[in-house]
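Subject: Handover of a structure and notes on its strands

Dear colleague,

Please find below the structure that I am handing over to you.

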Amino acid sequence: IGTYLSASLDYTHASTDGLTRFVNRNDGAFGSPWSTGLPGLPDFDGDGEPDNGINSLTTLESTAKSRYNGVTVGLQYKNPFDPELLRFQINYTLSFDKSDDDNERDPFTFRYFSPDDFSPDFNWSDRDQRHRLNAWLLTRLPGNIIFNNRVSAFSAQPFTETCGPGNVGTGVPAIGLSDAGRVCPNGEVLKRNTGRKDNAFFSWDIRLSKTFQTSNYGSYEIIFEVFNVTNADNFLDPSFAGLLFNFDGTVQSGLGAPRQAQLGFRYIF
């Protein structure tokens, strides 16, 4: 679109069926058929029913689905004759990610409100982030100092709310996806992941470096870097439940990495 300047526009659609889902086939919605065991086996408590029943019968089924739509716009500048004079790239993605079961979760959790109706669970995926921005700029300052900086910004991920007056979410997280708090006053079941967490992410990182030639055979470089220049909180919150059996990549909770700086030295020969 200009001298050394280019733009891009991408659209991605992913329609995925046959994803895995864990279902309790001994749930009360099915009449708990295996809760009292098989006929003819001992009745230890004298209630007339065999005592070898089970609580949950976990089955692995390929009944889940997901739908993703995303648009990415980009802008890039590069001077091939002097790439350190000025280079930059910006990418922004607007996306909508829905599913009725998220595979990025532990294999010990039932991710539904009721096993006989998965429709209330087809809503925003745990990994859904409406906005994602990545940008970097590299330029040469006076004195042959190389200035490099990067900006990353992501919007918050969703969480499942309890339902309140007016049949809308209250902003209070449900204890579990099968929590009765999802039932609204009108009897309908609030869809999962209707709220947004306080885990939006923003980080601006900068780097200054200068290279000194020592001889025909070597040089050394002094590097100064600052990460998270604005000292953003970047609160870490697992996509679901706690960290013990978390599979979404979150290995800690609470505040993210604070502002940090480091000074480095590199010898090149």
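This is a predicted model: local features need pLDDT of at least 70, side-chain atom pairs count only at pLDDT 80 or more; totals for chains, interfaces and linings use all residues.

Residues are numbered from 1 along each chain as its sequence is written, and side-chain values use heavy atoms, with hydrogens and water left out.

The chain as a whole

The protein chain has 13 strands and zero helices; here helices (H or I, at least four residues) and strands (E, at least two residues) are DSSP runs, numbered from the N terminus. Of its 269 residues, 33% are buried, where buried means under 20% relative accessible area, exposed over 50%, and partly exposed in between, with a 1.4 Å probe and protein chains only. The accessible surface of the protein chain is about 15,600 Å², and carbon and sulfur atoms account for 59% of that surface; the areas come from the Shrake-Rupley method with a 1.4 Å probe, and for residues only the protein chains shown count as cover. Among contacts between residues at least 6 apart in sequence, 65% join residues at least 24 apart, a contact being heavy atoms within 4.5 Å.

The disulfide and its hairpin

Strand β8 (residues 161-164) runs antiparallel to strand β9 (residues 168-173), and three bridges join them; two strands pair if DSSP finds at least two bridges between them. The two strands form a hairpin with three residues between them, and G166 in the turn has a positive phi of about 80°. Within this pairing, C163 has G169 of β9 as its bridge partner.

C163 is also joined to C184 by a disulfide, with an S to S distance of 2.0 Å; the criterion is a pair of cysteine sulfur atoms within 2.5 Å, and by this rule the count comes to one disulfide. The link of C163 and C184 is right-handed, with 105° about the S-S bond. Because C163 lies in strand β8 and C184 in the loop between β9 and β10 (195-196), the pair ties together parts that are 21 residues apart in sequence. Both ends are buried: C163 has a relative accessible area of 13%, and C184 is at 7%.

Strand β12 (residues 218-227) pairs on one hand with strand β11 (residues 201-215), in the antiparallel sense and over nine bridges. β11 and β12 form a hairpin with two residues between them, and R207 has E225 of β12 as its bridge partner. β12 is also joined by nine bridges to strand β13 (residues 260-268), again antiparallel, with I223 opposite G264 in β13.

Which side chains make polar contacts with E221? E221, placed in strand β12, has a polar contact of 3.3 Å with the side chain of S209 and one of 2.5 Å with the side chain of R266. A polar contact is a pair of N or O atoms within 3.5 Å; within protein, one must be able to donate a hydrogen and the other to accept it, and residues adjacent in sequence count only if both atoms are side-chain atoms. E221 is buried, with a relative accessible area of 6%. Leaving out residues up to four places away in sequence, E221 touches R207, S209, K210, T211, G264, F265 and R266.

With kind regards
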